[in-house]
Amino acid sequence: MLCQECDKKPATLHFTKIVNGEKTEFHICESCARERGEGIPGTANGFSIHSLLSGLLDFEPVGTMNALGAKPAQQLRCDNCGLTYTQFSKMGRFGCSNCYTQFGSKLDPILKRVHGNTTHVGKIPKRTGVQIQLKREIDELKADLNMRIEQQEFETAAELRDRIRELERKIADV
């Protein structure tokens, strides 16, 4: 296939853009791509998979400032290994287990965006997951309790409160 720009060289780059549900494909050669400013994978001006993931995860680009004029990404640093949040966003890996605590406030939004939730909702082993199942049930009952209080269903809310207390005692015994 020939380049759609110059019609001379073979097209080596194939781009697909989807804007508002409309798909557009174009095939161009390397020199036309450079002229257009398109990134060429594997070259100095190309992009890496990490750059792609950083964009999807919405890492703060280096040098950006927040509303107060501070550079929060550069101020966050792990007390244990010295890794900064900026270094983490470039590498995509933590330096030590303490980084999870240090960067925790920045991780929850990322995890929620990627996984849809910040708590594990997968399968639980029957033999060892009793405590986890009880905690899940308590969380569901608490949500139901809050709804019942808002709807002023106080008798049902009292029953739910008692059930929550009973389950919390079971957790303490396990």
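Predicted model: local features only at pLDDT ≥ 70, side-chain atom pairs only at ≥ 80, totals over all residues.

Analyst: Happy to. The expected span of a helix is 1.5 Å times one less than its number of residues. The 21 residues of α7 should span 30 Å at 1.5 Å a residue, and the end C-alpha atoms of α7 are 30 Å apart, which agrees. Now for the sides of this helix. Leu 134, Ile 138, Leu 141 and Leu 145 are the buried residues of α7. Looking down the axis of α7, you will find these buried residues within an arc of 70°, so they line one face of the helix. Asp 139, Glu 140 and Glu 150 are exposed on the other side of α7.

What do the buried residues of α7 pack against? Their partner is α8.

The same kind of check can be made on α8, which runs over residues 154–173. Its 20 residues should span 28 Å at 1.5 Å a residue, and the end C-alpha atoms of α8 are 29 Å apart, which agrees. The buried residues of α8 are Ala 157, Leu 160, Ile 164, Leu 167 and Ile 171. Down the axis of α8, its buried residues fall within an arc of 85°, so they too line one face of their helix. The other side of α8 has Glu 155, Glu 159, Arg 169, Ala 172 and Asp 173 exposed. As for what covers the buried residues of α8, the cover includes α7, residues 130–150.

In an unreviewed entry, UniProt lists residues 135–170 as "domain: UVR". In the model, that span is 92% helix and 0% strand. The end C-alpha atoms of residues 135–170 lie 10 Å apart.

Thr 84 sits in the loop between α3 (72–75) and α4 (85–91). Is Thr 84 buried or exposed? Thr 84 counts as buried, because its relative accessibility is 8% and the cut-off for buried is under 20%. Setting aside neighbours within four places in sequence, Thr 84 is in contact with Leu 76, Arg 77 and Phe 103.

Methods: Residues numbered from 1 in each chain as written. Heavy atoms only, no water. Helix = DSSP H or I, 4+ residues; strand = E, 2+ residues; numbered from the N terminus. Buried < 20%, exposed > 50% of the residue type's maximum accessible area, 1.4 Å probe, protein only. Arc of directions from axis to C-beta. Contact = heavy atoms within 4.5 Å. UniProt positions renumbered as here; feature names shortened; annotations may be inferred.
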